[in-house]
Amino acid sequence: MNAPLRVLIVEDDAVDRMACRRAFAAAADAPFELLEADSGELGLELARSQRPDCILLDYHLPDLTGLEFLAHLNGDGAALAIPVMMLTGADSAAVAAEAMRRGARDYLVKDVDGYYLEFLPGAIHRMLREQSLLDDKRQAEARFRTLIEQMQAISYIAELGEEGALRYISPQIGLLGFSPAEWLADPALHGQRMDPERREAILEAMRRSRRDASPLHLEYRLHARDGRTLWFRDQAELVRDEQDQPLFMQGIMIDITQTKLAEQALLASQQALRSLSAHQEQIKEHERKRIAQEIHDELGGLLTGIKAYVAVSIERAAAAGSPAEPLLAEVAGLAQDAIDTVRRVITDLRPSVLDQLGVWAALEWYAEQVERRSGLHCQCAVAPAAAALELGAERSTMLFRIAQEALTNVVRHAGASNATLQVDYADGVLELRISDDGQGIEAERLLNRESWGILGMHERCRHFDGELKITGKPGEGTTLLLRLPLDE
């Protein structure tokens, strides 16, 4: 059985109190426990000590008016939550309205015939249900506000529509040096704190989100009152009611300043490392060229001289009619082998065709070398638009080295029979495509950070703002695509 509802009746008329007791006793839906006071002071004392579920208050009391009673009750924190139903005369609509404004939850008009007594128990139940809903709402709001205000982010609620005025903003707006009241009072303040060059684009994105009730995802900077610059990630979503009708936009602004600073430092570090890597590659290419030149001039010249002296000795012996020393013929053969080795080393270090005839001729020459050395059928096709370009020395070296590394990988790992090297140029972008019909590169190798050949190709092209993609499927071969933007 439900516990009886405890009702405090504050009424100086004994007859009216008796009539109320009878009305409550006749109620069949729930039991009532009645407390009675015949004055305002006694009623306040019972409210404080007994804590009834509700108070039934007559307006006319011998010591206090109903409005004065409410004022005392509301001033007492312990009794503040007790709902009050005011009993007023038939001609006291203004009094009832004022009582509601002062804190009464409901009122009943006391008619001379006493019909109000029939509605009294039901009215009390209705008022208590409404009070319970109100208490639940307040508790939910308090929990929500506590949760929001403990978050390390700025939360807000915005109206829907083109203007999208803010309904609420959390105290964390103090990060920017403003109170919630200041921020809400000046709708232009948000835009004034943005970077001028991006302000209109950001505000337009916000207006569009609130007008269309669409999600908002932005990152931008705001300038605090003390001059600091903070980065925020601003995200908002539409909130709907139980009938799926749109209510408002609820958003959150997360301070990502430290993340942005770390990101910028990382990007600067990456750029510095890439610049250093490009500088080292340039030094390596110059050193290769220097070593190749020295080998050609010093060792190549020495070997050529040795071979020439041996040939002269053999010719002189033949002219004298005496047989040539067999060892001299062997020395001549060894000298020629050494000369061929020197030429191959020089070519591997720095192909002379790259410096003498340019990168397009060097690519065609290298494709022929791969075919001759490995047996891989390698076809090179340079489109006329690309062949008409004159690339700088650094870009030429980069293209050649990437093609060299790619074709070397095809020979070593692909198990391919055919490979094609194509160069095209259109819309300011140079494309180098190398494809084979081999077994196809595995995804694990593409993701392997220790695959220095692939990593080196990526870093080489990134230095020139290029984009390198390597794709492959098992049994369908591999394709390397390099896209290099060029200034006209």
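Is F32 buried or exposed? F32 counts as buried, at 15% relative accessibility. The points below concern a predicted model.

1. F32 forms an aromatic pair with F24, one of four aromatic pairs in the structure. The two ring centres are 4.7 Å apart, and the planes make an angle of 45°.

2. K110 belongs to strand 5, which covers residues 106-110. Its relative accessibility is 19%. K110 therefore counts as buried, since the cut-off for that class is under 20%. The side chain of K110 makes a polar contact of 3.0 Å with the side chain of D16.

3. Helix 12 (residues 359-374) and helix 14 (residues 393-414) have axes that come within 10 Å of each other. The axes cross at roughly 15°. The two helices are therefore described as roughly parallel, a term applied to angles under 35 degrees. The crossing of helix 12 and helix 14 is right-handed.

4. Ring pairs also join W365, Y366 and F400 into a cluster. By residue number, W365 and Y366 fall within helix 12 (residues 359-374), and F400 falls within helix 14 (residues 393-414).

Technical notes:
Residues numbered from 1 in each chain as written. Predicted model: local features only at pLDDT ≥ 70, side-chain atom pairs only at ≥ 80, totals over all residues. Heavy atoms only, no water. Helix = DSSP H or I, 4+ residues; strand = E, 2+ residues; numbered from the N terminus. Buried < 20%, exposed > 50% of the residue type's maximum accessible area, 1.4 Å probe, protein only. Polar contact = N/O pair within 3.5 Å; in protein donor to acceptor, adjacent residues only side chain to side chain. Phe/Tyr/Trp six-rings, centres within 6.5 Å; stacked < 30°, edge-to-face > 60°. Axes fitted to C-alpha atoms, helices over the stretch in contact; angles between N-to-C directions. Parallel < 35°, antiparallel > 145°, perpendicular 65-115°, else oblique. Left-handed = near helix turned anticlockwise from the far one by under 90°.
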